[in-house]
Amino acid sequence: MPRLFTLLSCVVLCLGWVRLTQAASDSTEPTLQKVWEYAATSQPIAARNILDDLEGIDPRTKALADLVLDLARAPISEGDWAKIEPALGKLAQGEDEIAVRALYLQARMHQVHLLKPNYARAEGLYLELNERWPGSHWAQLGLVKLGLVKLFALTEPLDVGQRFAEVDALLSQIEEPTLRRDLQLQMGWAGLFHQRALDDVLPYLIEADKVGGMLGITPEDLLIQIGELSFRAGHLAQAKSYFERFLREVSSNTKRFNVRQQLAAVNEAIAKRESAE
């Protein structure tokens, strides 16, 4: 898929494709919804044409929608940046739903839309978002994005334990199950990347599995990963449970043979442990 269309879909998804109008009128709302439908199906020109023809739409809603579509024109040039980033900052000065979303997008611009990301600025904006609208969906989503920066992008702190302590502090403020799941999954994988002890890694992956619906990994692959890591960590009963669950829940998969072999190895290890006791 072309980068432009991929980025467009991501931007529209991050905005939730929800009603961005503050009750402009019932007659215009379906048309505004059509803008997001076209945008989400990689038809940015059609989305722009409809948006330009809209009448009676709230000006702040129209301004944010324009900026969202501007962000879809990847890559962002210096001229585009000079136009879009301050405009988002201006919208973010309000106290409405438009301001929340604008501040989130402003932070994302500093995180992902610069050749050399400005992580410090992005962190400041995410924290501002959380301070101004604590507990909101966008503040919590911002904490997830900030957590990813701290886990993978920053070179400091060098102490891995301190790095994870900072992200755990962010996780403690996230209440939405799916957002907690997303950060927990990444914390598990980051733990493997940073070579943390498996007993420190597994709890994050297990909690993510309880919610389900992950992006970036299939549920069956996560079951296998937890089973294999549990086996390596010596948690034989836990490994057995996850491998058996895979075989029970996944009826057709080319990995079933390998999982059966893994389960046989686990059962053999359990038998040896029991005979030695």
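Author: Two residues are in contact when heavy atoms of theirs lie within 4.5 Å. The structure is a predicted model, in which local features need pLDDT of at least 70, side-chain atom pairs count only at pLDDT 80 or more, and totals for chains, interfaces and linings use all residues. Residues are numbered from 1 along each chain as its sequence is written, and side-chain values use heavy atoms, with hydrogens and water left out.

Reader: What is the mean pLDDT of the protein chain?

Author: pLDDT is the predictor's confidence in each residue, from 0 to 100. Values stay under 50 over residues 1–10, for which the model has 19 contacts beyond four places in sequence, and also over residues 17–30, with 24 such contacts. In the protein chain 89% of residues reach 70 or more, and the mean pLDDT is 87.

Reader: How many helices and strands does the protein chain have?

Author: Helices (H or I, at least four residues) and strands (E, at least two) are DSSP runs, numbered from the N terminus. Read along the sequence, the chain follows the pattern α-α-α-α-α-α-α-α-α-α-α-α-α-α. The totals are 14 helices and zero strands.

Reader: What percentage of the 277 residues in the protein chain is buried?

Author: Buried means under 20% relative accessible area, exposed over 50% and partly exposed in between, with a 1.4 Å probe and protein chains only. Of the contacts between residues at least 6 apart in sequence, 56% join residues at least 24 apart. The buried share of the 277 residues is 46%.

Reader: Which residues does Trp-81 touch, not counting residues up to four places away in sequence?

Author: Trp-81 belongs to helix α5, residues 78–91, and is buried because its relative accessible area is 18%. Its C-alpha atom is 9.0 Å from that of Leu-71, which is 10 residues away in sequence. Beyond four places in sequence, the residues touched by Trp-81 are Ile-76, Pro-86, Met-109, His-110, His-113 and Leu-114.

Reader: Is Asn-130 buried or exposed?

Author: Asn-130 is part of helix α7, residues 119–132. Its contacts beyond four places in sequence are Gly-135, Ala-139, Leu-143 and Gln-173. At a relative accessibility of 13%, Asn-130 is therefore classed as buried.

Reader: At roughly what angle do the axes of α6 and α8 cross?

Author: Axes are lines fitted to C-alpha atoms, for helices over the stretch in contact, and angles run from 0 to 180 degrees between N-to-C directions. Glu-97, Val-100, Arg-101, Tyr-104, Arg-108 and Gln-111 in α6 meet Trp-138, Leu-141, Gly-142, Lys-145 and Val-149 in α8. The axes of α6 (residues 97–112) and α8 come within 10 Å and cross at roughly 10°.

Reader: How are α8 and α10 oriented to each other: roughly parallel or roughly antiparallel?

Author: Angles under 35 degrees count as roughly parallel, over 145 as roughly antiparallel, 65 to 115 as roughly perpendicular and the rest as oblique. The two axes come within 10 Å and cross at roughly 5°. Residues that meet across this pair include Leu-141, Val-144 and Leu-148 in α8 and Leu-183, Met-187 and Ala-190 in α10. The helices α8 and α10 are therefore roughly parallel.

Reader: Which helices are included in what covers the buried residues of α10?

Author: Helix α10 (residues 177–193) has 17 residues and reaches 24 Å from its first C-alpha to its last, close to the expected 24 Å; the expected span is 1.5 Å times one less than the number of residues. Its buried residues include Leu-179, Leu-183, Met-187 and Trp-189. The cover over the buried residues of α10 includes α8 (137–153), α9 (160–171), α11 (198–211) and α12.

Reader: What is the relative accessible area of Arg-181?

Author: Arg-181 is located in helix α10. Beyond four places in sequence, Arg-181 touches Ala-208, Val-211, Gly-212, Gly-213 and Met-214. Arg-181 is buried, and its relative accessible area is 7%.

Reader: Near what value is phi of Gln-195?

Author: Gln-195 is placed in the loop between α10 and α11 and is exposed, with a relative accessible area of 71%. Most residues other than glycine have a negative phi. In Gln-195, a residue other than glycine, phi is positive and near 60°.

Reader: With the side chain of which residue does the side chain of Gln-225 make a polar contact?

Author: Gln-225 sits in helix α12, residues 219–232, and beyond four places in sequence is in contact with Trp-189, Leu-192, Leu-205 and Ile-217. A polar contact is a pair of N or O atoms within 3.5 Å; within protein, one must be able to donate a hydrogen and the other to accept it, and residues adjacent in sequence count only if both atoms are side-chain atoms. At 3.0 Å, the side-chain partner of Gln-225 in the polar contact is Trp-189.
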